[in-house]
Amino acid sequence: MSILSAALLLSGAFFFLAGTVGLIRFPDVHSRLHALTKGDNLGLGLIVCGLMIESGSPAVAVKLFIIWLLALVASATSCYLIAGNSEAPGGDE
Amino acid sequence: MIDPLFDPLLAIALLGVAAVALHSRDLFRGIVLYIVFGLLMALAWVRLHAPDLALAEAAIGAGITGALLLDTMAQLGRGRKDQPPSRLLQAAAFAAVAAFAAIALSAVLALPRTAGGLTTTASAFMEDSGVESPVTAVLLNFRAWDTWLEVAVLLVAVISVLVLARRLDLTGELTRIPPDPLLTASVRLLIPIMVLTGGYLLWRGTHAPGGAFQAGAVLGSGGVLLLLAGFRPLTAIPAVLGRAIVTAGLFAFTVAAAAVAASSFDFLRFGPAHAGSIIVAIELAVTISIAVTLIVLFAAAREVPVRSPTKEAPPYPPEAEGGR
């Protein structure tokens, strides 16, 4: 149990690291958004899976899963809004 | 109880983010780093075993205040670079802050190592307080005086904002953006969840971390989200009712205090028989009042369209703007 959740947490952390490196190093808004949203859905999903295994009760596990879904909705919406309103080609301005 | 790896990293990150936020020339970068600082502060409160404070910091400090700052910056102009103050002023400010920090540090170090404080006294009176959460008991029963005046301070703040913005209505200008289908859809999904979460936090405050301020902050954030998506959450109610709701928190608190004072000549001392129901009633009124206050603070500060004047967007809603 513990090794599995540790592996899941580490891979989630890897995705967040990759997203942060992308945020710093990519040249324009759209590629940075691409990197960041990977961290948000896959990275957070793996971390939530690791925590769900370690959580004591099914109620806490379901709440963690719902948190992941809400974070997905928020990150998808904000990614779309940022990309749509940015000054890069493909955006609105 | 200090985690050897996480806590020092968190402390260094707090100081680092604060330093970079204060030194960045770009306003937008400073505000984003301020939001990050709020999130790290919430983590710090969790590590200090204060989940109520962590909830309030995340909702108000990182959430609403961040949104307010970004909105204000959008109105001031995106590309504004701050002029750094003169060297003399910087040195004077640093000296004053260092002196204050030294005084505070010496005061903290002078405290006795193993004093229990008032924890034992407070826990002795927990059954008389009417609630099971020690934080709520302290905030709304043992130190109800402080919370009453805090609610009054919030009311003074919102009145000041309304006076400065020269508005008497609470609705605020809409941003002149066309409705965005994805934003509208996600708002439709998120708002019921936020209302449920606010109610849950309010109910939970009686026996676990939660309470009126956190619930009010979540509901207020929902209202701000509605404003940003182009809806006008306060137009459904007449303006007089809106103003009444903003004062409702202070009003309910004062009514409870006066009723208790009239019946037993004891100001803000809730007897154990009715303390539970009085506290819940006050918390409910304060929650709604805080939520509407936050929405008003956000709406009243907007006087100009957010989009830059070079690009003209069609006015929204397309019908006449006169209906407020």
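Ala244(B) lies in helix 11 (residues 239-264) of chain B, where helices (H or I, at least four residues) and strands (E, at least two) are DSSP runs numbered from the N terminus. The model is a predicted one, in which local features need pLDDT of at least 70 and side-chain atom pairs count only at pLDDT 80 or more, whereas totals for chains, interfaces and linings use all residues. Residues are numbered from 1 along each chain as its sequence is written, chains are lettered from A and ligands numbered from 1 in the order in which they are written, and side-chain values use heavy atoms, with hydrogens and water left out.

Ala244(B) has a relative accessibility of 39% and therefore counts as partly exposed; buried means under 20% relative accessible area, exposed over 50%, and partly exposed in between (1.4 Å probe, protein chains only). Between Ala244(B) and Ala67(B) the C-alpha to C-alpha distance is 25 Å, and the two are 177 residues apart in sequence.

Chain B contains 12 helices and 0 strands, and its pattern along the sequence is α-α-α-α-α-α-α-α-α-α-α-α. Of the 324 residues in chain B, 34% are buried. Contact is defined as heavy atoms within 4.5 Å. Among contacts in chain B between residues at least 6 apart in sequence, 77% join residues at least 24 apart.

In helix 7 (residues 134-142) of chain B, the residues Thr136(B), Ala137(B), Leu140(B) and Asn141(B) are buried. These residues cover an arc of only 105 degrees around the axis and so are on the same side of helix 7 of chain B, the arc being that of the directions from the helix axis to the C-beta atoms. An α-helix has 3.6 residues a turn, so residues three or four places apart point the same way. Thr147(B) is placed in helix 8 (residues 144-164) of chain B and, at 3% relative accessibility, counts as buried. When residues up to four places away in sequence are not counted, Thr147(B) touches Leu139(B), Leu140(B), Phe213(B) and Phe253(B).

Over all chains, the whole structure has 1 salt bridge, defined as a side-chain nitrogen of Lys or Arg within 4 Å of a carboxyl oxygen of Asp or Glu. Arg47(B) forms a salt bridge with Asp7(B), and the closest N and O atoms are 2.7 Å apart. This pair links distant parts of the chain, with Arg47(B) in helix 2 (residues 27-47) and Asp7(B) in helix 1 (residues 6-23) of chain B, 40 residues apart. Arg47(B) is partly exposed at 27% relative accessibility, whereas Asp7(B) is buried, with a relative accessible area of 16%.

The contact between the chains takes 10 residues from chain A and 10 residues from chain B. Chain A and chain B bury about 830 Å² between them, 67% of it on carbon and sulfur atoms; buried area is the accessible area (1.4 Å probe) that two parts lose on being put together, summed over both. On the side of chain A that touches chain B, the residues divide into 5 nonpolar, 2 polar and 3 charged. In this classification, Ala, Val, Leu, Ile, Met, Phe, Trp, Tyr, Cys and Pro count as nonpolar, Asp, Glu, Lys and Arg as charged, and the others, Gly among them, as polar. There are 0 salt bridges between chain A and chain B.

Thr77(A) is found in helix 3 (residues 58-85) of chain A and counts as buried at 8% relative accessibility. Leaving aside neighbours within four places in sequence, Thr77(A) is in contact with Leu182(B), Leu183(B) and Ser186(B).
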